There are 2 protein chains.
Amino acid sequence: MSDVSPSSTHNLRADGSRLWATIHETARFGGTPKGGINRLTLSAEDGRVRDWFRDACEAAGLTVSVDALGTQYALRAGKDMSLPPIAFGSHLDTQPTGGKFDGVLGVLAGLEVMRSLNDAGIETRAPLLLVNWTNEEGSRFAPAMMASAAYAGEFTTDEILAKRDVAGTTVAEALDTIGYRGGEAVGERAIGAFVELHIEQGPILEAEGKTIGVVEGGQGIAWFDGSVEGFESHAGTTPMPRRRDALLGLSEFALAAERIALAHGPSAVATIGEATIQAPSRNVVPGRVAFTMDTRDPRSETLTAMEEELRAAAREIGERRRLSIVLERIWRKEPVPFDPKVVAAVDAAAEGLGLSRRRIISGAGHDACNLAAKVPAAMIFVPCKDGVSHNESESSTEGDCAAGADVLLQTILRLAN
Amino acid sequence: MSDVSPSSTHNLRADGSRLWATIHETARFGGTPKGGINRLTLSAEDGRVRDWFRDACEAAGLTVSVDALGTQYALRAGKDMSLPPIAFGSHLDTQPTGGKFDGVLGVLAGLEVMRSLNDAGIETRAPLLLVNWTNEEGSRFAPAMMASAAYAGEFTTDEILAKRDVAGTTVAEALDTIGYRGGEAVGERAIGAFVELHIEQGPILEAEGKTIGVVEGGQGIAWFDGSVEGFESHAGTTPMPRRRDALLGLSEFALAAERIALAHGPSAVATIGEATIQAPSRNVVPGRVAFTMDTRDPRSETLTAMEEELRAAAREIGERRRLSIVLERIWRKEPVPFDPKVVAAVDAAAEGLGLSRRRIISGAGHDACNLAAKVPAAMIFVPCKDGVSHNESESSTEGDCAAGADVLLQTILRLAN
């Protein structure tokens, strides 16, 4: 490998065609008839794609190791091996009816970065580390993103190893079954910075015609369990003014939550994703409805303000309709600000490539959000069709994937040199 | 028996204490720990209460027969046996967690009427007929009120005999199991008029402090199956203005239905009793919600107007929110007007007894509503606590039950003499 000056790497691009081919090559592991992927974490299919990934990394001259939670690390030597490696990657597991890009793009674009650097004969100053995090999706084992959370110290390795899927299988057993319980201690490997390329999983970039999202952080999230308690009564014999209809209470509250989120726009969101009438019957006025609510915003104070306004709305609606509306916050995750220097490197990389871009906040959780608690981190988003993700119809263009890989490559070069 | 003049019967009362004791005596057939009754139609418990009823009727000198659908008829001879009998009764089957009064009161008050007439030595001109209709509730076999519907010619006997419960048992098999497939052809027995005493199953009488509801008819009913179709999307990444949230569409529609029913008040009602989010998830914007709706009013034209307004609301909400709201009417039953002469007899009976009363429309369906298609019919309501029915906590006072039985007795005397 030659010693290259930064200027000679400015025009370096990833091989977009090779990346596209690799994405489709690995899509056969768990591929579905509808063009998606069913590759639950630590399943046999996940084992097969991990084997493929290890072989591909080794063929690219990388040194692959596995930690005690199955996370794969592929190291490319740098000129100064005393420096912590610049890391990048994402996850190869999918939802049960997932698409071909969620997570996969970040890992395979990382592989493409390694291959392109090899092709160009470039050796970076800091070593490079490509990571495939175990169980980002959380579909089989909860919580989601558990390996990166353990890396960041949020859980112990033993806590995670003991988690069970619905069949009662533990993470430890699942790792052993596919031969991916590695020897490396979780969280002990030094990382100088972490960059994750991912599809946006939202509609903003596509709607604004932007190619690159320079991700500044992850939203804060508050989750609630709620219920509306009224009185079950006969749909034929109970006059409208005498009813205590729990569904109508929920309806007013859902519309109030929408108004509150809109008033805190543009980033604030509030969603009632689950609502279940107790003992529903065609001719019975609903007496009780249980629901869940998800609120998010990039600012901690907005999350707090929304919660106060939601509670006030619940009180007002409950009193007026003679209902009891209960809202219990079961989880709150503070907003994650990404590292300004890593964000700036992503921004400069996109600018240097002449790509249209916008600053953006990640609405979804990602491994990079967990990593940010421990190492400087940031993310790169590319558009996905109609903002659809966690769906077999998830789609991204070859050009956008290539642009994302280019930005990843240029960001890595900036951080590692 | 002595030949008595109408004037000598004006002060005749039923024995309220005996009625109350009888209600509690029969409540043991299927009695629940919470004080309710679980006596599904044609179950072993229903068989036992039928046997008890037959024995009690025969002990009162009545001639009991059973038709091909298990309906029990207990005849008391009149002076002029060429007249069709004046009939009264209700049903002894209950919901799985039913109360002690729904249906039971009408049958046992009818028995009390027979016993009181015996005690007073009164022979009516027309014969009297006490009826226990099979399967009013519809909890085990659909449709509800099937025996009275077959009596009125809405179904053939064979159609009803072939209906199956969830275990696959037919009505015919269930009748045979408890020995209640009788020999009498359904609908061939002449009835001069039919009067049904029942708890209101609603809150109006109690709220207004009235003892007797003089029921003028049954509401018209329209049932709908509906759906709201939007677009499922990520709760974290989809900005509020870009959402097509099916639950918010349903929420607006539910509140519109409430406004429409209130505007057509005081009798009009609209209820969404069932609403199910497709593939609900805490962090997914609901893409589809299925729901059912029940609308009722005593006037056919109001039912029609409400449907038009509901459809207009669905269109407007759907267009504004980029949702598809579908409303399919799956059933419509026209309002049932009771016979003015029978209603007037009930009213005069209550007035003669000095009982507080109001004209009322039945919100629920009853056997009398089916009978009304074939014979002059009406109903008598008494209050029930908090309007609660189809519930083990269903409750009515001894005094109100006795008042209902008195009005039934006096109504029967007016119609049969």
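Cavities and helix packing

User: Which residues line the largest cavity?

Analyst: A cavity is a set of points, on a 1 Å grid over the protein atoms alone, where a 1.4 Å probe fits but cannot get out; lining residues have an atom within 4 Å of a point. By that test, the lining of the largest cavity is A:Met240, A:Arg243, A:Asp245, A:Leu247, A:Leu248, B:Ala254, B:Ala257, B:Glu258, B:Ala270, B:Thr271 and B:Ile272.

User: What pLDDT do side-chain atom pairs need here?

Analyst: Residues are numbered from 1 along each chain as its sequence is written, while chains are lettered from A and ligands numbered from 1 in the order in which they are written. Side-chain values use heavy atoms, with hydrogens and water left out; the model is predicted, totals for chains, interfaces and linings use all residues, local features need pLDDT of at least 70, and side-chain atom pairs count only at pLDDT 80 or more.

User: What is the volume of the largest cavity?

Analyst: The structure holds five cavities of 30 Å³ or more. A volume is the space filled by probe spheres set on the grid points, which are joined across faces, edges and corners. For the largest cavity this gives about 70 Å³.

User: Which elements each supply at least two residues of that lining of the largest cavity?

Analyst: Helices (H or I, at least four residues) and strands (E, at least two) are DSSP runs, numbered from the N terminus. By class, the lining of the largest cavity has seven nonpolar, one polar and three charged residues. Nonpolar here means Ala, Val, Leu, Ile, Met, Phe, Trp, Tyr, Cys and Pro; charged means Asp, Glu, Lys and Arg; the others, Gly among them, are polar. The elements are α9 of chain A, with α9 and β9 (269-277) of chain B.

User: Which elements give two or more residues to the lining of the second largest cavity?

Analyst: The volume of the second largest cavity is about 60 Å³. A:Ala254, A:Ala257, A:Glu258, A:Ala270, A:Thr271, A:Ile272, B:Met240, B:Asp245, B:Leu247 and B:Leu248 line it. The elements that give two or more of its residues are α9 and β9 (269-277) of chain A, together with α9 of chain B.

User: Is the crossing of α9(A) and α9(B) left-handed or right-handed?

Analyst: Axes are lines fitted to C-alpha atoms, for helices over the stretch in contact, and angles run from 0 to 180 degrees between N-to-C directions. The axes of α9(A) and α9(B), each residues 246-263, come within 9 Å and cross at roughly 130°. That makes the pair oblique, because angles under 35 degrees count as roughly parallel, over 145 as roughly antiparallel, 65 to 115 as roughly perpendicular and the rest as oblique. A crossing is left-handed if the near helix is turned anticlockwise from the far one by less than a right angle, and right-handed if clockwise; this one is left-handed.

User: How many nonpolar, polar and charged residues are in the contact of α9(A) with α9(B)?

Analyst: Contact means heavy atoms within 4.5 Å. On α9(A), A:Leu248, A:Ser251, A:Glu252, A:Ala254, A:Leu255 and A:Glu258 meet B:Leu248, B:Ser251, B:Glu252, B:Ala254, B:Leu255 and B:Glu258 of α9(B). By class, that contact has six nonpolar, two polar and four charged residues.

User: How is α9(B) oriented to α10(B), parallel or antiparallel?

Analyst: Helix α10 of chain B spans residues 300-321. Its axis lies 10 Å from that of α9(B), at an angle of about 150°. That makes α9(B) and α10(B) roughly antiparallel.

User: Where is A:Pro266?

Analyst: A cis peptide bond, with omega about 5°, joins A:Gly265 and A:Pro266. In chain B a cis peptide bond joins B:Gly265 and B:Pro266, also with omega about 5°. B:Pro266 sits in the loop between α9 and β9 of chain B. A:Pro266 is in the loop between α9 and β9 of chain A.

User: Which residues of α13(B) meet α2(B)?

Analyst: The axes of α2(B) (residues 16-26) and α13(B) (residues 398-416) come within 9 Å and cross at roughly 110°. The two are therefore roughly perpendicular, and the crossing is right-handed. B:Gly16, B:Ser17, B:Leu19, B:Trp20 and B:Ile23 of α2(B) meet B:Glu398, B:Cys401, B:Ala402 and B:Ala405.

Terms used:
On a 1 Å grid over the protein atoms alone, a cavity is a set of points where a 1.4 Å probe fits but cannot get out, and a pocket is an open set with protein on both sides within 12 Å along at least five of seven lines; lining residues have an atom within 4 Å of a point.
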